[in-house]
Amino acid sequence: MGFLNDPILFIAEWLSALLSGWGLSDGLINVILTFLGVFVVANFGMLYVIFLVWLERKLAARIQDRLGPNRVGPYGLFQTVADILKLFTKEDTTPRGADKVVFNLAPILAVFSVLLIWAVIPFASTWVGTDLNVGVLYIVAVGSIGVVSTLIAGWSSNNKFALLGAFRTVAQLVSYEVPMVLSMLVPVLLARNMGLNAIVQAQDNWYSVFFWMAPIATLIFFISSIAEVGRTPFDLLEAESEIVAGFHIEYSGAKFAMIFAAEFLHAFTISVLTITLFFGGWQGWGDQFPIVGWVWFMIKSMLAYFLVVWVRSTLPRIRIDHMLNYNWKFLTPLALVVLIVTALLDRIVADNVDILTSQGQIIRSATLFAANVVIAWVTVALIRRRARQRPARVPVAQPRPVARPPEASTPASS
Amino acid sequence: MTTESLLWLLPLPPLVSFFVIVLLTNRNKALSHAIAVGAAALSWLLGMVVFVRALQTGMEHLGEEPFRSAVAWLPTGNTAFEIGVSLDPLGTVALFFVAWTVLMIFIYSTGYHNYGQPEGDHDLKGLPPHGATLTDESGHKHTVPSVEPNYSRFFAFISLFAFGMYLLVVSDNLLTLFVGWEIMGLCSYLLIGFWFAKPSARAAAVKAFMTTRIGDVFMLLGLVYLYSLAGSLSYEVIFSPETLEMLADTAAVGGFLGLTAAGLIGILLLVGTVGKSAQFPLHVWLPDAMEGPTPVSAMIHAATMVSAGVYMVIRIFPILSAGGGHGELTPPMMTMAFIGAFTALFAATIAVAQNDIKRVLAYSTISQLGFMIAALGIGAYVAAAFHLMTHAFFKALLFLGSGSVIHGMEHGVLHTGNHDVDPQDMMNMGGLSKKMPITFWTFTIGGMALAGFPFVTAGFWSKDEIFAEAWSVFANEGNPWGLFVLVMLGLAALLTAFYTMRQIMLTFAGEPRTKEAEHAHETPWTMTLPLVVLSFFAVTAGWIGIPNDFLGLNLGKINKFHGVVETLLPSEIEIPALEFSFVPLVVSLVVALGGLLIGWLLYKDFKAGQTDPMKRLLGGFFPVLQNKYYVDELYQATFVRFSEWVSETVAFRWLDRAIIDGFLHTVARVAYNLGSVFRDRFELPVIHNAGDLAGESVKKFGFNFRVLQTGRVQQYMLLVLVNVIAFGALFYYLLEIAGK
Amino acid sequence: MIPLSWYLILAAALFSVGLYGVLARKNAIAILMGVELMLNAVNINLVAFWRYQAPEQVVGQVFAIMVFAVSAAEVAVGLALVISLYRRRRTVVAENIDLLKW
Amino acid sequence: MTPVQVIFLLTSLLVLGTALMVVTAPNLVRSALWLIATLFSVAVVFVLLEASFLAVVQVVVYIGAIAIMFIFAVMLTRKVMQDTGPQTNSNWWLAAVFSLLLFAGLAWMLSTWGGFGAQAAASVPETTIVDLGQALVSPDAYILPFEVASVLLLAALIGAIVVAWDR
């Protein structure tokens, strides 16, 4: 195998050879290589964020008919670098009465939780940090650590807005985890496996990509993971107009940078997860060369990321009760239905045709796709009926006049 | 689907419709009768399919091995009681006429109960509708018939009834037959009492129920006895030659009257039939049953239920005739011959003097059933079955026709508003032939069939066959019973023809004798259509039974019917080949034509206000006939009074009051004293105080220890922990250390 | 290798710590936390016994999962109780919740 | 002292230390955070026991759901941020004593038990998640406990809603 074919493994082999040449024990070599891998992946992520920030700002600007960063470097490429420098040189404040340790722990946990996800993501057929056989579950677990980070960040900074932000976070993240996990289970049961790489390898043709078998699940996963990241339209945990900046109101300087970076990296991570679970990750023409697979992986994930940015810069923020209703009354039941239907149908199909042969896969995809279409149609019909039944808008609170002119002697309601 | 499964399905639709109507749709008239008629039509369809398949199989073959399928129903000891369905030639015939008449009557009922008419002004549930007044645009009111208040209930009931009948026909054992039989008994009770707010209807319902009960009890006895002997009630077992032999050879229990077991069983079952199809001692309920709506009369008391009795007797004919070869008759058969012949003549004479159009038909039904029973009595069960079928058709036709007449009369009554005119009294009718032609013609056809008008009508052929059989029993086997039956039935047939003619003349001929009769008019198509259909069968149903050698000339095998039913008997009892003889033919011709002629002569110019020619003719004997030989009064005076006396005096005063109550009261007094002794000596001092002591001590204890309850969970848990550790240590010590 | 005893001792110690929390803490939520610790000790025992006694059957893991379910349910209900309690009595201190005394 | 033993000792120290912090920390949110740490190290113990699936489930269920619910509840049920006064009730020393007694008793009884020092089977037969899942839902295995557990969860869900409903 040549360098061009599979550089990472090449380097790894070379290094291990070198170290064993120095007379280190195999276990130690293993440890060292693992650490190197972790180092590489983590730094790749963190550095990639810099580019992502710039990209997002550019895209958002184009979509909203602005110019976006255009001063520093060509096309303002280095704008983000400048920002980062500024952030690092800023004073790092800690509010009085804050719980110092926890306050400082939060941003670390934030980055930590996102980076942990990257440990199991297959970049190419052979480039996997660690191919856990419970990868999907692992992702959920690590995501919950992210929730903890936001929560303690909000709590520890001894600020009512931050605390409100934290509460909203819990409400939103915990509840949107439900449809997300449910829709993640669909590819799991389609691939009969929980390992991410196995899931990717299960979708080895353009027609056996899980998107065809579970479009609704894809949509649900995408939406609810956007909510998990807490971006527009679900950015209630940092709604500037309501709770000044949400849980990270008190953060500044490097810590703010870390939270910020964590959010952006998370946004990219969810697009990566989307394509890994539903669009066949690194699969593509010529993916027997890991390098080509990596290229495919990047292309797909960037397209998904573009979608995320598009959504963000297009949609307005939704109200909190809408947000919760949307989750509990729409996404979760739909996800459950999709999960059950997919399980039953796939079982039936797998019993009747051999899903390893290509035409078996085609039959499978066609069946499940049809089922999804039916489900979608029924859902839309139901929503129509409901919309016709109820008045579209229910007021949550009556506006109360703060100051009343003296002649208005009628006491206000309540 | 296989024919067997069709047979299983056959009875179900009416049952389903019964439950659906009762439980769900009883508020919606249209839906209810749609369901009921639909179910009847479905059963009819199945029945026709089965019928056609049976014909394709060929009757002889079907007789050898009928369609049959059975399932184990309830385990009795080590054998399972089997129920199942079967279809043999007799069943096929029965199925044919049952399906047709039932369907027709369902359709007829929708019209008879004025479906589509407005709600009545002051109609009550349980009373016949009184009509509703409408005001047309020109502003003057006029009265139209109003829809039956209990419309849906009626359809529910007759659906259940149809279920019972179908069950009885397709069942392959006597038990399910009995079940269907009882279901029909219940339905007939419910339907006779359908207008339960009329006291007469109530009384009639009770009477019918009680009377048939008498028969059914005996029948059940017979079934039990049969089962205890044969170990099964399914036809193929009990009609198998060896079973019959065994029954014929074993003497009846206790040597009862020196009968054989077969004889005793036969007589017991026969009593059931006597009750069901209203033979002489138990015939009293049938005329009163006419209180029910006319479709009910037609269905229960002409077409199906009363024929069920005869059907059952034909079924068990092998048992009845077991032990008797050709020539001599077994005791049950003699009984039947006597009862049947007597009833035929007896009822016919009564029918002559009745004025109520439906009662005439009721008595003629009794007498016709008598014909069948008598025919069976002399072993001519083929003729009996034949007459059963034809009679079902033309008698249903007649009843429906009379219902149509009554309906027309009610129109008139509503029009004049004079409600004390009885629309059922023939004296109030007359000249209806012009008002309601369809009814007239169909009724006439039915009447002719009943009277046995020669060569065309069904009744002629069936009666003729009975006569022929009777004659051959007399002439060929020199059995006096044959002659007896022939004579009695001949007279009965004469009277039959006569009163039929009388009825037709009174009802349709001449001029209207009341204003109501003038304003009567034809009934809706839902009522006339069944009439037409049934009249078709009333004529043609007889043609399949024309003897092969009629008038001595060889007509080839035109008689389909013998082939159908002969196969019923076990093969070794063969039917005496019945060769043609002119005597019975002449007899039937004479009686039919003669009776009709007399009737015409007597009643051809009968005007309003005249006295009934019969009264002039019979003079003092007429009231006797009109009052049905005072049989009811006789029963009233003997049985009813006696049973009342028994229940009042013996049972109530002596037995209940004196003996039982006295005993109980003494026991009570003794027990009371004993108890008081116990209370004062034992309970109060000992137990009472002990209980108080216990309670008090518990209370004190609790009062002292309640301090422990601090309401703090953690302290409780602490205590628990302490105990756990302590007892753990203790047990550990006991088990491990001290144990060694 | 590690003998089974270590795990058992660890579990016992964790159990006792949790027990102490349950018995000693004022705050109802803290008590619930103690319960969680005890449940975890139980889980450690289950898994350890599975690993050391019957690794070829999944029964140990199955029952560990049952314990997960049970503890989740317990926490849900317990916290709900605590919150409604707080709504009514403005306190979550276990000692002040003594309506059940004489 | 093989490295595995070292790791085990470190982990168990972590477990016990954090657990102690949970039960002694004056600040409830702190103790909730310590609880998270404890649960995480228990997950590590599971990993040492080669039950990786359970480890991940531990993280998902406990940290992802239970611990967060704890923190949430703590935040909902307090007026001021800091807890004032002692966090232990009057008879805490009794509790400590009896807990120690219990621990001692347990340890002693265990030490007298035969299979105490048992060594692990050399290799765990590869029980994949598939086996586990099939064991959970196959009628000849543990479907009944599984169903009971799910019914319990459902009941707890409804019960929690009913109890915490703000009327």
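Select chain B to begin: this chain holds 30 helices and four strands, helices (H or I, at least four residues) and strands (E, at least two) being DSSP runs numbered from the N terminus. The model is a predicted one, in which local features need pLDDT of at least 70 and side-chain atom pairs count only at pLDDT 80 or more, while totals for chains, interfaces and linings use all residues. Residues are numbered from 1 along each chain as its sequence is written, and chains are lettered from A and ligands numbered from 1 in the order in which they are written. The model scores are ipTM 0.70 and pTM 0.53.

Keep chain B selected and colour by burial. A residue is buried if 20 or more other C-beta atoms lie within 10 Å of its own, exposed if 12 or fewer, and partly exposed in between, with C-beta atoms placed from the backbone. Of the 740 residues in chain B, 51% are buried. Two residues are in contact if their C-beta atoms, placed from the backbone, lie within 7 Å. Among the contacts in chain B with a separation of 6 or more, 78% are between residues 24 or more positions apart.

Next, select B:Phe161, B:Ala384, B:Phe393, B:Ala396, B:Ala470, B:Leu489 and B:Ala538, the residues with the most contacts inside the largest nonpolar core, which has 218 residues. Such a core is a set of buried Ala, Val, Leu, Ile, Met, Phe, Trp, Tyr and Cys residues joined through C-beta atoms within 7 Å. Helix H18 (residues 381-416) of chain B gives the most to this core, 21 residues. Centre the view on B:Ala470: leaving aside neighbours within four places in sequence, B:Ala470 is in contact with B:Ile378, B:Ala380, B:Gly482, B:Val485, B:Leu486 and B:Leu489. A second, separate core has 193 residues, including A:Ile139, C:Leu14, D:Val23 and D:Val57.

B:Val224 is partly exposed because 13 other C-beta atoms lie within 10 Å.

**Chain A**

Switch to chain A, which has 13 helices and zero strands. Buried residues account for 42% of the 414 residues in chain A. Of the contacts in chain A between residues at least 6 apart in sequence, 74% join residues at least 24 apart.

Select helix H1 (residues 7-22) of chain A, which has 16 residues and reaches 22 Å from its first C-alpha to its last, close to the 22 Å expected at 1.5 Å a residue. The expected span is 1.5 Å times one less than the number of residues in the helix. H1(A) is followed by A:Gly23, whose phi is positive, near 85°.

Most residues other than glycine have a negative phi. A:Tyr75, in the loop between helix H2 (26-63) and helix H3 (79-89) of chain A, has a positive phi of about 55° although it is not a glycine. A:Tyr75 counts as partly exposed because it has 13 C-beta neighbours inside 10 Å. A:Arg192 is found in the loop between helix H6 (160-191) and helix H7 (196-202) of chain A; A:Arg192 is not a glycine, yet has a positive phi of about 55°. With 13 C-beta neighbours inside 10 Å, A:Arg192 counts as partly exposed.

**Chain C**

Now select chain C, which averages a pLDDT of 86, with 99% of the residues scoring at least 70; pLDDT is the predictor's confidence in each residue, from 0 to 100. Within chain C, highlight helix H2 (residues 28-52): its 25 residues should span 36 Å at 1.5 Å a residue, and its end C-alpha atoms are 36 Å apart, which agrees. H2(C) is mostly covered, as 21 of its 25 residues are buried.

**The contacts of chain D**

Show chain D together with chain C. Their contact takes 71 residues from chain D and 62 residues from chain C. On the chain D side, helix H1 (3-24), H2, H3, helix H4 (92-112), helix H5 (129-137) and helix H6 (143-164) each give two or more residues. The residues on that side divide into 54 nonpolar, 14 polar and three charged. Here Ala, Val, Leu, Ile, Met, Phe, Trp, Tyr, Cys and Pro count as nonpolar, Asp, Glu, Lys and Arg as charged, and the others, Gly among them, as polar.

Finally, show chain D with chain A, where 19 residues of chain D are in contact with 19 residues of chain A. Helix H2 (28-48) and helix H3 (52-76) of chain D each supply at least two residues of the side that touches chain A. The largest share of that side, 13 residues, comes from H3(D). By class, the side of chain D that touches chain A has 16 nonpolar, three polar and no charged residues.
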